[in-house]
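Here are my comments on the model you sent. Please read them with the coordinates open.

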Amino acid sequence: MNKKLIIALFFFGSLFTFQDAIAQVKIGYANPARVLSALPEVEEVDQQIQALIEQSDEELATKATELQSIFTNYESNMNNLSEQERVIREEELMEMNQQFEQDRESMMNNIRQRRSELMTPIIEKMNTAMESIAAEMELDLILNEGTSTGDVIVFFANSEQLDITDQIIERIQ
């Protein structure tokens, strides 16, 4: 019985110690999407990426027009070809179509990679500002206010002082 009482007192004491430890955690939250939207550098990146997209679209449109012309030419002349010539020509057309799809995918990957390259220093700058503000405010944890799809993560905050988004924007600008 004495042993059970000691164990119960130990767990009871541990519970209060654990609650004290949790109560001392200082948490802040930020909205990185809002921070990024406030930076002129991000607008410059968006303009560069848009120009790259337009250039890629023009190249793809030219290739698509050429490919469509070749398909149309084949369809109008296919009755004049032997069965073997048709099979060979259709295989060539399928390869051309696959190459077009590969080119399109490659261009999309290049655009994503370029955006990532351009955004990396901006995001690092934001993270540095966030870290310095967290250190100054002695925060143990900073939450993202929402997900990348716009879903809310922070549903309730007792104080607006926990939102450090504006401080991050000021620090970066």
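**Notes on the predicted model**

1. Surface first. The accessible surface of the chain is about 12,800 Å², and carbon and sulfur atoms hold 55% of that. Keep in mind that this is a predicted model.

2. Burial. The chain has 173 residues, and 21% of them are buried.

3. Secondary structure. There are five helices and two strands. Along the sequence they run α-β-α-α-α-β-α.

4. Contact range. Take the contacts in the chain with a separation of 6 or more. Of these, 80% join residues 24 or more positions apart.

5. The largest nonpolar core. This core has 21 residues. Those touching the most other members are Leu 36, Ile 122, Met 126, Ile 164, Ile 168 and Ile 172. At least two core residues come from each of helix 2 (32-37), helix 3, helix 4 (83-136) and helix 5 (165-172). Which helix gives the most to this core? Helix 4 does, with nine residues. As background, nonpolar side chains in soluble globular proteins tend to be buried together.

6. Ile 172. Set aside its neighbours within four places in sequence. Ile 172 then contacts Val 35, Leu 39, Lys 125, Met 126 and Ala 129. Of these, Met 126 is also among the core residues that touch the most other members.

7. Ser 56. This residue sits in helix 3 (residues 40-77). Is Ser 56 buried or exposed? Its relative accessibility is 9%, so Ser 56 counts as buried; the cut-off is under 20%. Not counting residues up to four places away in sequence, Ser 56 touches Met 107 and Ile 111.

Key
Residues numbered from 1 in each chain as written. Predicted model: local features only at pLDDT ≥ 70, side-chain atom pairs only at ≥ 80, totals over all residues. Heavy atoms only, no water. Helix = DSSP H or I, 4+ residues; strand = E, 2+ residues; numbered from the N terminus. Buried < 20%, exposed > 50% of the residue type's maximum accessible area, 1.4 Å probe, protein only. Contact = heavy atoms within 4.5 Å. Areas by Shrake-Rupley, 256 points an atom, 1.4 Å probe, with all protein chains shown as cover. Core = buried A, V, L, I, M, F, W, Y, C linked by side-chain atoms within 4.5 Å.
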